[in-house]
Amino acid sequence: MEAVAVAAEARERLRASFASGRTRPAAWRAAQLRGLLRMAAEMEAEICAALRADLAKPRTESYVHEISLVTSSCKFALNNLKKWMEPKKVPGGLLTFPSTARVTPEPLGVVLVVSAWNYPFLLAIDPVIGAIAAGNAVLLKPSEIAPATSSLLADLLPRYVDSSCIKVVEGGVAETTALLEQKWDKIFYTGNSKVGRIVMSFAAKHLTPVVLELGGKCPVVVDSNVDLHVATKRIAAGKWGCNNGQACISPDYIITTKSFAPKLLDSLKKVLNKFYGKDPLRSEDLSRIVNSNHFNRLKALMDEEMVSDKIVFGGQSDEQKIAPTLLLDAPLDSAIMKEEIFGPLLPIITVDKIHESFALINSMTKPLAAYLFSKDSKLKRQFERNVSAGGMVFNDTGIHLTNQNLPFGGVGESGMGAYHGTFSFDAFTHRKAVLDRSFPGEAKARYPPYTRGKLKI
Ligand code: NAD
């Protein structure tokens, strides 16, 4: 069947299932969430194998960064489901006296989730958890750039959840385009901002709301007032320990002062040698670059004429992997400082005073995450007030995503809308205003004729 027919049929079936009311009861939602929990537990080895096939992702990373996060999202949703689903009473209001009022959460309907390749299990299932918890029917389109995980999801989901209400359609641009042409009640897209614009223009045709989880250049500011060893370990873990830098909230570049840069560089080199040894290309603990397009893109960033002599560590590559690579003072107009890197290259930009970092970050598009390492609480407050970013972490990188009480999402070019924890439920829920009046309590002035006597003016 051609892509458009597949998309239309899948959407129609989901619409019929949703209209039957099947997805609404708490018991259905909980059963699906428990199904996902079982899938994560029983299929751990298969999921890790798919992630290894797609990205050579180390098993520890696969478990900690993908499977365990899915598990914790499911448990959080299960524990809070009843509370989230309850209508919230609000004051009745004088003008409508006597009345009661409440905000009633209702599912949006049939939603489309389009996910990305870099955390292909987590980024597919995590939004689906929110969509199910909120009582929607869901169509998931995993990324074709991670084909082993995509086909595993297509195989596993019907075995663990209700396939009349939760479907997987695999495919690339043609299949996604066919899906985007359909009318959905919400589109949740994770990926780059160029495709984000395409998604939004399709959504506009049907006035469909979107969540766009995009990327950007996540800065790390390193002040001299730090525990340097801990700081460099945490920067390295957030960069190379996250899919070899192919993560949306990985540090993209560092800003530090000219005077502190030599110490920071020295510490980073020591940590990298300890983590990945003398021959990082052979390290089992480093993911590979996902495909030749991305490999060539990253090589071109390193090889640009004004950048190639700025490499101060690393730079090695074989046909699949690129080693952790540090660059000192790559020009700000080079491609590596203009585009999101999304790989193992880490430029360090030096400034005279650490406060100059604020203007430098704000001169670029708003990042998905911004990091500051410092013991100086005044500097932290100033950073929080002056730097705009989807999320912010002091003295670590990336870990805010594990806190279910924090919204995860971008701002400006790094995206719109958010999810995780309660925010996932909210992303897929309409909050319906309900006002309930009784018959007594008529105000004569409300009805024509509007005579002076009635209004007393
Ligand atoms: P990708 O290539 O997997 O694309 C994402 C999805 O878009 C896929 O399902 C793909 O089929 C679809 N797609 C691609 N081209 C399309 C087109 N022309 N029309 C319609 N659909 C299309 O992933 P990517 O974009 O390379 O992902 C990397 C980007 O995603 C980075 O910018 C990264 O920062 C961002 N990202 C953001 C988050 C987040 O949570 N905010 C998470 C991961 C990645």
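In the predicted model, the shell around the ligand comprises 12 nonpolar, 12 polar and 4 charged residues. Of the 28 residues around the ligand, those that come nearest are Ser143, Gly191, Glu213, Gly215 and Cys248. Two elements, α7 (173–181) and α8 (193–206), each give two or more residues to this shell. The most is given by α7, which supplies 3 residues.

Glu213 is located in strand β7, which covers residues 210–213.

Helix packing was examined for α2 (residues 26–42) and α4 (residues 59–85). The axes of these two helices are 9 Å apart and form an angle of about 165°. Because angles over 145 degrees count as roughly antiparallel, α2 and α4 are assigned to that class. The crossing in which α2 passes α4 is left-handed. On the α2 side, the contact is made by Ala26, Arg29, Ala30, Leu33, Leu36, Leu37 and Ala40. Their counterparts in α4 are Ile67, Val70, Thr71, Cys74, Ala77, Leu78, Leu81, Lys82 and Met85. By class, the contact of α2 with α4 contains 13 nonpolar residues, together with 1 polar and 2 charged residues.

Key. Residues are numbered from 1 along each chain as its sequence is written. This is a predicted model: local features need pLDDT of at least 70, side-chain atom pairs count only at pLDDT 80 or more; totals for chains, interfaces and linings use all residues. Axes are lines fitted to C-alpha atoms, for helices over the stretch in contact, and angles run from 0 to 180 degrees between N-to-C directions. Helices (H or I, at least four residues) and strands (E, at least two) are DSSP runs, numbered from the N terminus. Angles under 35 degrees count as roughly parallel, over 145 as roughly antiparallel, 65 to 115 as roughly perpendicular and the rest as oblique. A crossing is left-handed if the near helix is turned anticlockwise from the far one by less than a right angle, and right-handed if clockwise. Two residues are in contact if their C-beta atoms, placed from the backbone, lie within 7 Å. Ala, Val, Leu, Ile, Met, Phe, Trp, Tyr, Cys and Pro count as nonpolar, Asp, Glu, Lys and Arg as charged, and the others, Gly among them, as polar. A residue is near a molecule or strand if its C-beta atom, placed from the backbone, lies within 6 Å of it.
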